[in-house]
Amino acid sequence: AALAFEDRYRAMPGDYAYATQTIAGVGFNGNGNGRIEPNGAPLGPAGTQFETLLAWNHMSRAGFLGESYNFDPAAPSTGLPPNVWGGFADIGYDTRYGDPASPPMARHTLKTGNYVPAAVLVEVDRKLDDGNGLGGGFQFSDMAWGGDVPAGPGGANGCVLAGGQWALAGSPVNCGGAWLL
């Protein structure tokens with residue numbers, strides 16, 4: 001949906017500076033700098049908002065998602081899509097993927113949200129990528145919009161081991177993954 005949005009509007013969802021003029025039902029524009037920026041990114045006349053949250057509103061109002069996500073500055077997390085384990089998905093330009101001890105370069109990612117079991121993420125990684133939670137196109141993410149933050153390598157109940165293998169012993173249940181866009 002994010003890539004199709006970018007193809008149609010020549011801008012990333014959430015960052016689109018002309019969303020209110022071209023997409024019915026959108027109340028806020030992004031700042032148009034090419035990045036879906038996380039919490040507190042300054043946006044034009046609307047003041048400070050969250051492009052990571054606006055992205056879901058822009059994509060759903062443009063018809064790219066089956067659900068409708070509304071952005072409400074007073075209760076921003078109400079506009080996030082939940083995962084089936086109680087976490088919330090995220091899309092944005094940041095370093096919240098890979099090994100938190102040595103953060104990678106910032107880039108756009110689509111995150112699963114927290115509370116996803118490691119046993120599920122390893123299967124996703126094996127089917128879509130290389131099976132390495134610290135490398136490739138699908139990696140570990142410690143992003144959490146609420147609740148407990150997933151633990152990376154070296155942490156108690158860590159989701160991935162130092163070598164990038166998903167931790168299956170004891171099957172950690174508060175993990176997250178990120179697709180690198």
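Modeller: C175 has a relative accessibility of 0%, so this cysteine counts as buried in the predicted model. C159 and C175 form a disulfide, with their sulfur atoms 2.2 Å apart. The pair links distant parts of the chain, 16 residues apart, with both C159 and C175 in the loop between β5 (138–140) and β6 (177–180). A disulfide is, in general terms, a covalent bond between the sulfur atoms of two cysteines. About the S-S bond the angle is -95 degrees, and the link of C159 and C175 is left-handed. The structure holds one disulfide.

The ring centres of F138 and W166 are 6.3 Å apart and the planes stand at 35 degrees, so the pair is described as tilted. Because the relative accessible area of F138 is 1%, this residue is buried. W166 is buried too, since its relative accessible area is 5%.

β5 and β6 pair in the antiparallel sense, over three bridges. One of the residues involved is F140, whose bridge partner in β6 is G177. In general, the strands of a sheet pair through backbone hydrogen bonds, either parallel or antiparallel.

β5 and β6 belong to an open sheet of four strands, arranged in the order β3-β4-β6-β5 with antiparallel pairing. At the edges stand β3 (90–94) and β5, each with a single partner strand, so one side of each is left without a neighbour in the sheet. From one strand to the next, the twist averages 35 degrees. Helix α3 packs on the sheet, where it touches β3 and β4 (107–111), and its direction makes about 135 degrees with that of β3.

S60 lies in helix α3, which spans residues 51–61. With a relative accessibility of 10%, S60 falls under the 20% limit and therefore counts as buried. Leaving aside residues up to four places away in sequence, S60 touches L65, E67, S68 and Y69.

The C-alpha atoms of S68 and G135 are separated by 33 Å, and the two residues are 67 residues apart along the chain. G135 has its place in the loop between α4 (118–128) and β5. At 16% relative accessibility, G135 counts as buried because the limit is 20%. Its contacts, residues up to four places away in sequence not being counted, are D129 and D130.

A pair of aromatic rings is described by the distance of the centres and the angle of the planes. The count comes to nine aromatic pairs. Y9 and Y16 form one that is tilted, at 5.2 Å centre to centre and with 40 degrees between the planes. Both Y9 and Y16 are buried. These two tyrosines also belong to an aromatic cluster formed by F5, Y9, Y16, Y18 and F64.

Two points of backbone geometry complete this account. Most residues other than glycine have a negative phi. R10, although not a glycine, has a positive phi of about 60 degrees. R10 lies in the loop between α1 (2–9) and α2 (19–22), and this residue is exposed because its relative accessible area is 65%. Y115 is not a glycine either, yet has a positive phi of about 70 degrees. The place of Y115 is in the loop between β4 and α4. At 25% relative accessibility, Y115 counts as partly exposed.

Methods:
Residues are numbered from 1 along each chain as its sequence is written. This is a predicted model: local features need pLDDT of at least 70, side-chain atom pairs count only at pLDDT 80 or more; totals for chains, interfaces and linings use all residues. Side-chain values use heavy atoms; hydrogens and water are left out. Helices (H or I, at least four residues) and strands (E, at least two) are DSSP runs, numbered from the N terminus. Buried means under 20% relative accessible area, exposed over 50%, partly exposed in between (1.4 Å probe, protein chains only). Contact means heavy atoms within 4.5 Å. A disulfide is a pair of cysteine sulfur atoms within 2.5 Å. Two strands pair if DSSP finds at least two bridges between them. Axes are lines fitted to C-alpha atoms, for helices over the stretch in contact, and angles run from 0 to 180 degrees between N-to-C directions. Rings of Phe, Tyr and Trp (its six-membered ring) pair if their centres lie within 6.5 Å; planes under 30 degrees apart count as stacked, over 60 as edge-to-face and the rest as tilted.
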